[in-house]
Amino acid sequence: MKRRGSVRGGSGLNEEVQLKPAPIHARNGFMNADATEKRFIVATDVGGTCTDTVVVAPGEAFIMGKALSTPPDFAGGVLDSIAVAARQMDLSVEALLARTHLFMHGSTVVDNTLLTRSGAPTGLITTGGFEDTVFVTRGAYGRWAGQPEDWIKHPVASDRPVPLISEDAVCGVPERVDYKGEILLPLDEAETERAVRHLVGDRQVEAIAIAFLWSFYNADNERRARDIVQRVAPDAYVTLSSDIAPVPGEYERSSTAVINAYAGRLASGYLTDLKAQLAGQGYEGPVMVMQGYGGLLPSQEAADRAVGMIECGPAAGVIGAKALGDLMGDADVIAADMGGTTFKVGVIQNGEIEYAREPLVDRYHYVAPKIEVVSIGAGGGSIVSLDPRTNVPRVGPHSAGADPGPVCYGRGGTEVTLTDVFTLIGYMDPDIFLDGAMTLDIAAARTAFETQVAGPLGLPVEEAAFGIFRIASAQVTDLIHEITVERGLDPRDYVLHAFGGSCPILASSFAAELNVKRIVVPYTASVNCALGLVSADIVHEYSVTTTLPGDTDPERINALYAPLIEKARAQLAAEGFDEADTALDWSIDLRYARQVHEVTTPVYGRKPVDAAALKGLIDDFEALYERKYGKGSAYREAGIEMTLFRLSASGRLQRPDIEPLPLEGPDAGHARIGRREIFVDARDGMAPADIYDFTEIRPGNEIAGPAVVHTPITTIVVQDGQRARMDELRNIVIDFR
Amino acid sequence: MDPITFSIIRHRLFRIVDEAVITLKHVSGSAITNEGHDLMVSLYRADGSLLMGGVGFLHHLTSAAEACKAIIRRFEGDINEGDIFLLNDPYTAALHTSDIYLVSPIHHDGRLVAWSACFVHVYDIGAMNPGGFAPDAQDIYTEGFSSPGIRLVEKGALRQDVMDTLLNMVRSPEMVSLDMRSMIACNNVARDRMLSLIGKYGYDTVDAACQELIDQSEDLLRQRLAELPDGQWQSRQYLEAKDEVYEVFLTMTKKGDELVFDFTGSSPQAAYSVNCTKWASLGGLFAPLFPLLCYDITWNEGVIRPIEMIAPEGTIVNCTRPAPVSVATVGAIQSVNNAACSTIGKMLESSGKYRGEATAVWHANHFAIFKFGRNQHGGEAIGIFTETFAGSGGARTFADGIDVGGEIPNPISRMANVETVEAGFPIRYLFRRRMTDSGGPGKYRGGAGMEFAVMPHDSPDGGIHYVISGKGADFPMSDGLAGGYPGAPNSYVWVRNNDAEQANKNVDTRFAQSLDDMPGEQESVTWGVFPLMGEDALYVGWNGGGGYGDPLERDPETVLEDCRTGVVSARSARDVYGVVLDGDGGTVDAAATEALRRSMYAERLYPEAAE
């Protein structure tokens, strides 16, 4: 079983380490306490709505705890959800934490800080003459990026987001570095000091970002400016663009520095506070923080990299899907999550995870390694509406959210949502929704749907509802198509993992159209992100930017890596890892000269590299390029260039095995709790279906469609002609081939 | 047709175009395609009429329809599955020779069912000047390779002889080859996806949906036009080239549910390459029409039906062969864009319901400046200053225009980072920032444009050259709306700093922070090829968008804010906005402002009395 959570990990990136079996029970720096006494790993993921905890211990089933998130003081929800898990173990929070040796954590705190604009008043010091770079966003780029078709076609109505920093909190100072990293103009220190005084004095900023042209090649001027800030305004929180995003492209790099400065103090305060609260409850071990690239960092290191925490929840979700895929022997996985407001999807290809190329957070550009997760505004709460002029129906992008929520919740929601449609076509059981915590008002949903949708369409309620269901299914299909087929990946090679409250309802329909191999509704679907935390390793990312030709001398590459490796080794050693538990993965961004698209290509060969390893790298790049950009897209005549040299240094964390359960016979009759009419896609109408209680289904049991399985947290629809089974890990699996 | 299937097919058609665009950008390596988004992909019906217009340079949507029709006429009976045709003759359908169309028939079960078409501005087309814009061209014959229709791919196989002929006539053939390759890949993707759509829903259903989509767009636009007031609106755009000034004069008449664009009164065709052909003019007026009137309507043939264009032959907007047209896209076509934006804006502004959709003219004067020469790595480089794609927004009836906010005819453009340019060209930027007083004053201000200056840096030849076909330096072009002022004119300045005799020769200009800091001899340049050698600098400032409403109605505090951020000067605050700031410019002097505004109003009514 592979247990590596590293983003590019998985398949033999580093032979010297890979040859050894993964040391599941190995000791390392975090494990020095007595393993029998401190046997638990606790992982808590803070999402926008819910905070999930998973507790794992060797040889025991997962314990899951769920509580509501408590913004803006998220630590409260963290302790609440740990308490829910502890209760199931008949332990107090203190008792559980006292026996915990590792706490892993993902949090939406940075996303939330940006979304609610609650960061620190921030200033920017930049190269004189280029003060407007972050405001003008490379022209309309910052206006249209990440926006849907409707928005892009309507320029008169579309603005940029309001900037995070005010226009009078930007100071240009005389300094200049050129494209080679040569300092043409040393930093004007007097002017810089004046700028700092202006920012903290007149403008009352509490955080300062420093972003100079070409600083990723030569950071001297930025560092001198930082020294001045620290001298003149020692309380200010400082971020250097060359630290946080040492890559070319001053707009994105500056924007990243601004975001990090803006959210930095809050994020680091949050982590310090959380650590203190955990310590107050008796926890003595380290706090590991999830990064958007799917690896963990010790909290003291994560604290200075607020941008690293952006969207770390969805990233953990992809890591969780990868861990499950590894466990089940599936290297190619589409991880789809559909909750109340959005449908999110990430792809694991051959055990590897794709990075986002031009990431955005709340419409701001930033640059940081981040797992690609794409999303559309389609969830259970998405509002169903008709174009008033043409009567053409649409689902989303607006959402009724959790409050007031769908009409059938009876909490005052008046607009029809997708969940209402699911209710009308028999997929939801009105009495046992969310484990019976809530009943659904079908009559109200029906009346609203008839008035708002079916009536104006001139269709009977059921028929209109089928149509809406199909539109939602088609939207999701199109999104998955976008992230697979449009990137040269064939969904037929993939297993679909369906997470979230709504995804397993639709999955049997859209997965059939995409023609995936099988659907897996994971046992841990509701706490997938927390599970991802447990599956991740400590990963430090290092990189150096320079351009070398493809036929460069291998020694030049090794020379670039030498200092990175030294830094990485020291870091991992300081964290207490034995060298045997670490892996150093090299990857290089390559492109065809005169083209603009780079492909991050892992170095599989010998390291330090020799001629053979280099040749392997080039071959891999060419294959990857054509797969990604299409056959015939490679432009070999111009030669190949290497532009970015990355080192991913991981330290493997100890974690327990998941014990498979024994398989029983196929009969699931004991779990059947009823029969009702549901919409059956292939029959284009309602038909009787068996209804099952997930908690009664045992591994090995099989269920023939049409059927519905209700779990405490979601609903699984099995369409006509499909067969679902529970596997030895309690996942529900629908095989297509 | 059932609304569900219709909705799904419509969405799929859009996705097809989007995916083909991504393919195009992935394969093409050029900055103009990837940063400027100077490209287009669309789907057409079997007869060549527009089915699904993509988001790209919008003045190509109708021209590429004409390109499909021209290919149908020329190759009737000999159009086969897997063929791809090339067309770039402006007198047949294209806008200028460097915007090459590749159009590809899509066959299903042996029957021609649709076309896909795309274009990119190719790296070079072999015109007199590098990069495609040829200010020195005298006629179409000097504007490079040009074809009224030729088969480039025959039944799936590239005709290497044809490709080699093209590549034989252009600079940097390897880059042009890449452009061609990107367009072939793009058409292939569009065809494959279209066929799988037909495969899933059946030809008859898809065909019916396409027909309905077109009819629906027509109905929707006609409904919208019927809701707008009848009337006539005019716009006059001045366009200079070298030492001449031309006019594009537009009268737009709206009656019932139809709209007529009449260019009668425009200048006779020019001796310079700013002319455009009638297909280009048609595209030019549709480019703003799609996003301004059809922001919520699918862009297809149905939108074209209620529109009529009158463009007298032999004028700058319908020139006759062999007039040169290589600068058309930033010349007469853009003036047509601007004029149409202006008249449509006026019409919308006069409607109660659609007032919020009205806008002053956005970024009205593109500057095509192609730098070329040997770069610091020893390679030959040609490339446009992509800053021209950064644009600036026109003011709206409810808000300021967006500073450096793009443009209407190309909704998803952007400019390159300074570091990207400096990495590939032997030049260095001195500054790049918003230009003071560039946005058109008004109750709502036009979005600001920018200014930048570059100098040679590490050039193996001591510098490079550039081709400029700049306009808008003599006349403001981004018209205001409802009393708003136009955006400022552009400026293009060659700071000559190599003359030993020069008075200020010893002043170090290497880190100058403004044009005023550059004491060399300043010469305005707009047309032709110029050096950027030694200590020379090139300064470019581009216009902001037009303003909306009377500047005297602008909230004085907002004017103060603009002064603080440097977007408006204290002088303009006083002279144009009638806002008096106190001594150090930190606050508004309310009483003095009111008095000044009163006197300015009075002066408008009784100019003599004020004197």
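P163 of chain A counts as partly exposed, because it has 18 C-beta neighbours inside 10 Å. For that label, a residue is buried if 20 or more other C-beta atoms lie within 10 Å of its own, exposed if 12 or fewer, and partly exposed in between, with C-beta atoms placed from the backbone. This is a predicted model, in which local features need pLDDT of at least 70 and side-chain atom pairs count only at pLDDT 80 or more, while totals for chains, interfaces and linings use all residues. Residues are numbered from 1 along each chain as its sequence is written, and chains are lettered from A and ligands numbered from 1 in the order in which they are written.

Back to P163(A). It is in the loop between α7 and β6 (170-173) of chain A. Helices (H or I, at least four residues) and strands (E, at least two) are DSSP runs, numbered from the N terminus. What does P163(A) touch, not counting residues up to four places away in sequence? It touches V134(A) and F135(A). Contact here means that the two C-beta atoms, placed from the backbone, lie within 7 Å. E641(A) is 478 residues away along the chain, and its C-alpha atom is 36 Å from that of P163(A).

Next, a covered helix in chain A. In α18 (residues 528-535), eight of eight residues are buried. They pack against β1 (40-46), β2 (50-56), β4 (100-107), β11 (287-290), α13 (312-328) and β21 (495-499) of chain A.

Chain A is divided into four parts: domain 1 (15-113 + 269-301), domain 2 (119-263), domain 3 (538-651) and domain 4 (669-735). Domain bounds come from an automatic or database domain assignment. The centres of domain 2 and domain 4 of chain A, taken over C-alpha atoms, are 55 Å apart.

Now the two chains together. How many residues of chain A are in contact with chain B? There are 57, and they meet 62 residues of chain B. On the side of chain A that touches chain B, α16(A) gives the most, with five residues. By class, that side has 24 nonpolar, 13 polar and 20 charged residues. In this count, Ala, Val, Leu, Ile, Met, Phe, Trp, Tyr, Cys and Pro are nonpolar, Asp, Glu, Lys and Arg are charged, and the others, Gly among them, are polar.

On to chain B, which has 14 helices and 20 strands. Its radius of gyration is 25 Å, close to the 25 Å that the globule rule gives for 611 residues, so chain B is as compact as a globular protein of that length. The radius is taken over C-alpha atoms, and the rule is 2.2 Å times the number of residues to the power 0.38. Of the 611 residues in chain B, 63% are buried.

One helix of chain B is α5 (residues 173-201), whose 29 residues should span 42 Å at 1.5 Å a residue; its end C-alpha atoms are 42 Å apart, which agrees. The expected span is 1.5 Å times one less than the number of residues. In α5(B), 21 of the 29 residues are buried. Just after it, G202(B) takes a positive phi of about 90°.

Last, the core. The largest nonpolar core has 419 residues, and V103(B) is among those with the most contacts inside it. Such a core is a set of buried Ala, Val, Leu, Ile, Met, Phe, Trp, Tyr and Cys residues joined through C-beta atoms within 7 Å. Leaving aside neighbours within four places in sequence, the contacts of V103(B) include A67(B), F85(B) and W115(B).
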